[in-house]
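Welcome! Please take a moment to look over the sequence and the 3D structure before reading on.

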Amino acid sequence: MNEPFEREVAEKVQFQTSAVGSPEKSDEFIVPSITANKGVSASAESEEGRDSTKRNSEQPIVNRTLSRGFASDGLDRVRHRAEKDKVCVFNNLFQFLKVDLLRWSFYQTKRDSAPGLDEVTWKMYETLLEERLPELECELHTGRYRATPDKRGYITKDDGTQRPIGLQAVEDKVVQRACVTVLNEVFEPQFCGFSYGFRPGRSQHNALDSLHEGICRRKINWVIDCDIKAFFDHIDHEFLMGQLEGRIGDKRLLRLIRKWMQVGWVENGVRTPRTIGIAQGSVLSPLLANIVLNEVMDRWFVKWRRTQAKGDCIMVRFADDAVMGFQYEWEARSFLTELTRRLEAHKLTLHPEKTRLIEFGRFAKSNRRKRGEGKPETFNFLGFTHCCGRTRNGRFKIVRRTIRERQQRKLKEIKFELIQRINESLTSIGKWLASVMRGITQYYAVPGNMDAVKEFYTQLGRHWHWVIRRRSHKARNRWTWERFYRLQERYIPRPRVAHPYPNERFDAKYSR
């Protein structure tokens, strides 16, 4: 890199950073562009045989279609400094909220999501995008930006209860997405390796692989299925802001985040300010949840395992859903007691009915048989029911099945939608059912679960055939099963295995 270019970059991006106990740290630095690797020597998942998270996700940090100014010379350098200095405080992050990042953030939002309180859809906002973005940037940097309250909505949970969610305005989503892009570069390096929820380069199947291999490769005999009761609704604002202030010194960015947390929601024309918790369903809430749980659970678990654990223990967390595995029963019970106390100290509570300690592992079946008890209990995680099973050679394996209640509820929803669209053309309905089946295959078609996926395919066809025969009196005689099978083969793809075995993908991702 030549000297003129170095001076140009140094003038463009300057980090006013301060480090606790490190006054000698330089405020300016220039480093080459790097990829989104943690690249640290500390163990990320020692209980699963991993010793470093280097090369954990070898993809660019942000979309490289963005201008070089903020993509290479800016956020890459923030990430590098955050990895290098774990106590560094960043004082000038608001400068990245420019038109380029806001435009990229807009095209990252879902186009078919429900509109917010202002009733502006994604396509409506796109028509005025280039005119609005410079104004939005100016409002952000002059302090004139105002957050819009969420529109309160509800979704049905697995147990039939209603979960409140916040439907946000498109503009709020755009600004929050831009803030998440910046904050990820600061907080990603300090997250633990067994945290998988809503993080770049990580997915639900990575968490499932990690849990599978952790139980199979370590001496795990007891499992805690952990569920925090109404987690998003009970996050303490002051504790969360304290965690943010530990790494962010930019008062403008902190003020913006606090504004989103306290803006509240509108339901039936009545606005309610939020004094505790964060909006579930917002763009920013997953990152804020990870920041809270990283301090409350993850780092505490690493310390507990290093100082108190006597046997093997593992942990896999995806957002507020966590599964812990232990070698000894007494140790699992002791950990659960301490975890309950720690969560209560941070105004959080374990769900008394959904949090369970079960015997699970390679010896669970034989031990329960000796005690005259039934089959080993199962637990649910990320849409799959995990069961103890055996291979053809008699070796232990984990059987993963689609949660039956969830599959039945999805089929009922499809049948209801088919009835509503009974008069539409078979082509449009066929394309819609094909997209549904592809989505089910891409997520649930893991090795060992093909029976459940094929059953879904069969029931999907039966519902469609039932609706077709009720389109008219003549259709009852015309649409035989033979004719319908030809229609089904034309539109709905047959299920196939879409994922490798957990050990193959796990070893490929962590080849060391």
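In which loop is alanine 319 found? Alanine 319 sits in the loop between strand 8 (313-318) and strand 9 (321-326). Keep in mind that this is a predicted model. Let's start with the whole protein and then come back to that loop.

**The whole protein**

- The protein has 512 residues, and buried residues make up 51% of them.
- Its secondary structure consists of 18 helices and 13 strands.
- The accessible surface comes to about 25,300 Å², and carbon and sulfur atoms account for 48% of that surface.
- Take the contacts between residues at least 6 apart in sequence: 71% of these join residues at least 24 apart.

**Two residues with a positive phi**

- Here is some background: most residues other than glycine have a negative phi.
- Alanine 319 has a positive phi, near 60 degrees, although alanine 319 is a residue other than glycine.
- Asparagine 268 is not a glycine either, and its phi is positive too, at about 55 degrees.
- You can find asparagine 268 in the loop between strand 6 (265-267) and strand 7 (270-272).
- Asparagine 268 is exposed, because its relative accessible area is 78%, and exposed means over 50%.

**Helices and buried residues**

- Helix 3 (residues 99-106) is mostly covered, with 6 of its 8 residues buried.
- The buried residues in helix 3 are Val99, Leu101, Leu102, Trp104, Ser105 and Phe106.
- Phenylalanine 506 belongs to helix 18 (residues 502-509), and phenylalanine 506 counts as buried because its relative accessibility is 5%.
- How far apart in space are phenylalanine 506 and leucine 208? Their C-alpha atoms are 9.8 Å apart, while in sequence the two residues are 298 residues apart.

- A disulfide is a covalent bond between the sulfur atoms of two cysteines.
- How many disulfides does the count come to? The count is 0 disulfides.
- To count as a disulfide, the two sulfur atoms must be within 2.5 Å.
- For cysteine 216, the closest cysteine sulfur is in cysteine 388, at 9.6 Å, so the two are too far apart for a bond.
- For cysteine 388, the closest cysteine sulfur is in cysteine 387, at 7.8 Å, so this pair is also too far apart for a bond.
- Cysteine 216 is partly exposed, with a relative accessible area of 22%, and cysteine 388 is partly exposed as well, at 25%.

**Cavities inside the protein**

- Rolling a probe the size of a water molecule over the atoms shows where empty space is left.
- The count comes to 7 cavities of 30 Å³ or more.
- How much space lies in the largest cavity? The answer is about 120 Å³.
- The largest cavity is lined by 15 residues, and Gln168, Gln176, Trp260, Met261 and Ser282 lie nearest its centre.
- Three helices each supply at least two residues of this lining: helix 6 (170-187), helix 9 (251-262) and helix 10 (285-307).
- By class, the lining of the largest cavity is made of 7 nonpolar, 5 polar and 3 charged residues.

Definitions and conventions:
Residues are numbered from 1 along each chain as its sequence is written. This is a predicted model: local features need pLDDT of at least 70, side-chain atom pairs count only at pLDDT 80 or more; totals for chains, interfaces and linings use all residues. Side-chain values use heavy atoms; hydrogens and water are left out. Buried means under 20% relative accessible area, exposed over 50%, partly exposed in between (1.4 Å probe, protein chains only). On a 1 Å grid over the protein atoms alone, a cavity is a set of points where a 1.4 Å probe fits but cannot get out, and a pocket is an open set with protein on both sides within 12 Å along at least five of seven lines; lining residues have an atom within 4 Å of a point. Grid points are joined across faces, edges and corners, and a volume is the space filled by probe spheres set on the points. Helices (H or I, at least four residues) and strands (E, at least two) are DSSP runs, numbered from the N terminus. Ala, Val, Leu, Ile, Met, Phe, Trp, Tyr, Cys and Pro count as nonpolar, Asp, Glu, Lys and Arg as charged, and the others, Gly among them, as polar. Contact means heavy atoms within 4.5 Å. Accessible areas come from the Shrake-Rupley method with a 1.4 Å probe; for residues, only the protein chains shown count as cover.
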